Amino acid sequence: MSQPLVLISHALCPYVQRAVIALTEKGVTCERVSVDLANKPRWFEALSPLGKTPVLKVGSTVIFESAVILEYLEETEPRPLHPVDPLRRAEHRALIEYGSAVLNDIAQFYSAPDAAGFADKQARLARRFDWLEARVAATPWFDGDSFSLVDAVFAPILRYFDVFDGIDNFGMLAAKPNLARWRGALAARPSVRHAVSADYAARLSAFLAVRKGHLSRLMAAKASVLQPSPGPTGGFAGASGHA
Ligand SMILES: N[C@@H](CCC(=O)N[C@@H](CS)C(=O)NCC(=O)O)C(=O)O
């Protein structure tokens, strides 16, 4: 009999979302336990050697690092999300790593303290998406008909822009028709939609608004377009939170 799975999560964590999307696509039942990353409980610090979400508990064994969790699920659960061909699979793994680099850039973008730093991170993200635009030629998913782990990794990345776009048009995804199409397909996928709670956008807005950086100031200036009363952010660790 397979061992029970518990995913230690945070409501805004894009790395958690990858794991949740993969679990849903595979039809795997998994208990979710949320932690406050701004005020980490002692049991979490004892459990998670890097102090980060996600952590997957498999029985009494602790697996950390989202890419490792994805690989474990791939090896143990049905409905493969990796291509069969070793070269394609290697390429997908490389894209997952690229996704993590983009998440780092996004964290630096929303945490940039001043306008110059913000513009720098904005330009870097635009370059990252230029490269991706040239690579995402298939439809509807990254590699065509089969939803893959690469789709699971980029869905949370592109979801950020639902909130960023409400603040301003930062242009990072402009004139990128392949990414626009992919973003739309991902946003409509049930596993992607249900990977976050209904109040995700409000929570993310609330989190971004208190970063005390350039983006927070832009948000304050455009407060009229923000959702009212977003409620608690659920505690998120900070710029390093996505590292
Ligand atoms: N490389 C890690 C990154 C995970 C990560 O950065 N998680 C963030 C939340 S999205 C976190 O737990 N931050 C808390 C901290 O760094 O103290 C992975 O892929 O799992």
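This is a predicted model: local features need pLDDT of at least 70, side-chain atom pairs count only at pLDDT 80 or more; totals for chains, interfaces and linings use all residues.
You can find Glu65 in the loop between strand S4 and helix H3 (66-76). Glu65 counts as partly exposed, because it has 17 C-beta neighbours inside 10 Å; that class lies between the exposed limit of 12 or fewer and the buried limit of 20 or more.

Now let us step back to the whole chain. The protein chain holds 10 helices and 4 strands. Read from the N terminus, its elements follow the order β-α-β-α-β-β-α-α-α-α-α-α-α-α. The radius of gyration is 18 Å, close to the 18 Å that the globule rule gives for 243 residues, so the protein chain is as compact as a globular protein of that length. Along the principal axes, the C-alpha atoms fill a box of roughly 55 × 45 × 25 Å. Of the 243 residues, 37% are buried. Among contacts with a separation of 6 or more, 74% link residues 24 or more positions apart.

The strands come next. In general, strands of a sheet pair through backbone hydrogen bonds, either parallel or antiparallel. Here, 4 strands build an open sheet with mixed pairing, in the order S2-S1-S3-S4. Strand S2 (31-34) and strand S4 (61-64) stand at the edges with a single partner strand each, so one side of each has no neighbour in the sheet. On average, neighbouring strands of this sheet are turned by 25 degrees against each other, direction ignored.

Take a closer look at the pair S1 and S2. Strand S1 (residues 5-9) runs parallel to S2, and 4 bridges join them. Ile8 has Val33 in S2 as its bridge partner, while Val6 stands opposite Glu31 in S2. To get from S1 to S2, the chain passes through helix H1 (residues 14-26), and this β-α-β crossover is right-handed.

The peptide bond from Thr53 to Pro54 is cis, with omega near 5 degrees; Pro54 lies in the loop between helix H2 (42-47) and strand S3 (55-58). The peptide bond from Thr139 to Pro140 is cis as well, with omega near 0 degrees. Pro140 has its place in the loop between helix H5 (115-135) and H6.

Is H6 largely enclosed or largely open? Of its 19 residues, 14 are buried, so H6 is largely enclosed by the rest of the structure.

Conventions
Residues are numbered from 1 along each chain as its sequence is written. Helices (H or I, at least four residues) and strands (E, at least two) are DSSP runs, numbered from the N terminus. The radius of gyration is taken over C-alpha atoms; the globule rule is 2.2 Å times the number of residues to the power 0.38. Two residues are in contact if their C-beta atoms, placed from the backbone, lie within 7 Å. Two strands pair if DSSP finds at least two bridges between them. Axes are lines fitted to C-alpha atoms, for helices over the stretch in contact, and angles run from 0 to 180 degrees between N-to-C directions. A crossover is right-handed if, with the strands pointing away from the viewer, the path from the first strand over the helix to the second runs clockwise.
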